[in-house]
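Please look over the sequence and the three-dimensional structure shown here, and then read the report that follows.

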Amino acid sequence: MSSTSAPEYDPHYNPWQTLGTAVKYENPWIRVREDQIINPAGNPGVYGVVSMKNKALGIIPVDEEGNTWLVGQYRYALKEYCWEIPMGGGPVELDILESAQRELKEETGLLAKRWTNIARVHTSNSVTDEEGFVFLAQDLEQGDTEPEETEDLRIWKLPLSQAVEMVMDNRITDAVSVAGLLKAARLLHK
């Protein structure tokens with residue numbers, strides 16, 4: 001039997017019990033902790049959690065002709081080259097819009113007069129508490145890029161519809177990029 005509405009549930013219900021927690025590793029970007037838990041079946045165990053010290057921020061710049069910009073770079077953890085939307089991290093204590101504006105300028109040199117927050121995402125909610133936001137940036141003006149020292153970036157301007165096709169045929173696999181591009185295309189009807 002199918003239904004158009006979600007089954008009833010209590011959004012505050014938590015079947016897990018945390019007995020203790022210990023930080024196992026920490027650097028300027030992440031904290032890794034190990035929790036001693038009782039799982040939903042009532043059995044003891046451990047649960048590892050990666051806590052992020054930044055919000056994930058993705059930006060989809062779209063010009064009047066329906067073009068967007070992708071950023072290509074080698075991703076160390078994956079050991080592969082990836083095309084993504086312009087993105088980065090914003091310290092949790094800072095305004096996410098200000099951080100998104102900084103990231104777009106750093107990676108593409110673009111400035112936008114109009115910003116719309118189009119998505120809130122969790123990147124891998126079984127192991128990390130990372131929260132991300134995707135912005136649509138419009139009314140664009142080109143400036144100079146200001147990449148960080150860890151970034152060796154390639155910038156690609158292409159039609160938004162082509163970027164969506166890259167999502168559909170798995171040439172773009174980054175979760176924030178996939179969610180953001182599909183949502184932007186739907187909102188803009190591209």
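## Pockets, strands and rings

About 310 Å³ of space lies in the second largest pocket, where a pocket, on a 1 Å grid over the protein atoms alone, is an open set of points where a 1.4 Å probe fits, with protein on both sides within 12 Å along at least five of seven lines. The volume is the space filled by probe spheres set on the points, which are joined across faces, edges and corners. This is a predicted model, in which local features need pLDDT of at least 70 and side-chain atom pairs count only at pLDDT 80 or more, while totals for chains, interfaces and linings use all residues. Residues are numbered from 1 along each chain as its sequence is written, and side-chain values use heavy atoms, with hydrogens and water left out.

The lining of the second largest pocket is made up of 14 residues, and those nearest its centre are Arg 33, Tyr 47, Val 49, Asn 125 and Ser 126; a lining residue has an atom within 4 Å of a point. Two or more residues of this lining come from each of strand E2 (30–38) and E3, and E2 has the largest share, three residues. Strands (E, at least two residues) and helices (H or I, at least four) are DSSP runs, numbered from the N terminus.

The largest pocket holds about 1300 Å³ of space, and of its 35 lining residues, Met 52, Arg 75, Gly 88, Gly 89 and Glu 130 are the closest to its centre. Among the elements that each supply at least two residues of this lining are strand E3 (44–52), strand E4 (54–61), strand E7 (87–91) and helix H1 (96–108), and E4 gives the most, with four residues.

Two strands pair if DSSP finds at least two bridges between them. E4 pairs with E7 in the antiparallel sense over five bridges, and Ala 56 stands opposite Gly 89 in E7. E4 and strand E9 (residues 131–142) run parallel and are joined by six bridges, with Leu 136 in E9 as the bridge partner of Ile 60.

Which residues do ring pairs link into a cluster? They are Tyr 81, Trp 83 and Trp 156. Rings of Phe, Tyr and Trp (its six-membered ring) pair if their centres lie within 6.5 Å, and planes under 30 degrees apart count as stacked, over 60 as edge-to-face and the rest as tilted. The rings of Trp 83 and Trp 156 have centres 5.1 Å apart and planes at 65°, so this pair is edge-to-face. The pair links distant parts of the chain, as Trp 83 lies in strand E6 (residues 80–84) and Trp 156 in strand E10 (residues 154–159), 73 residues apart. Tyr 81 is partly exposed at 41% relative accessibility, and so is Trp 156, at 27%.

Note on methods: Buried means under 20% relative accessible area, exposed over 50%, partly exposed in between (1.4 Å probe, protein chains only).
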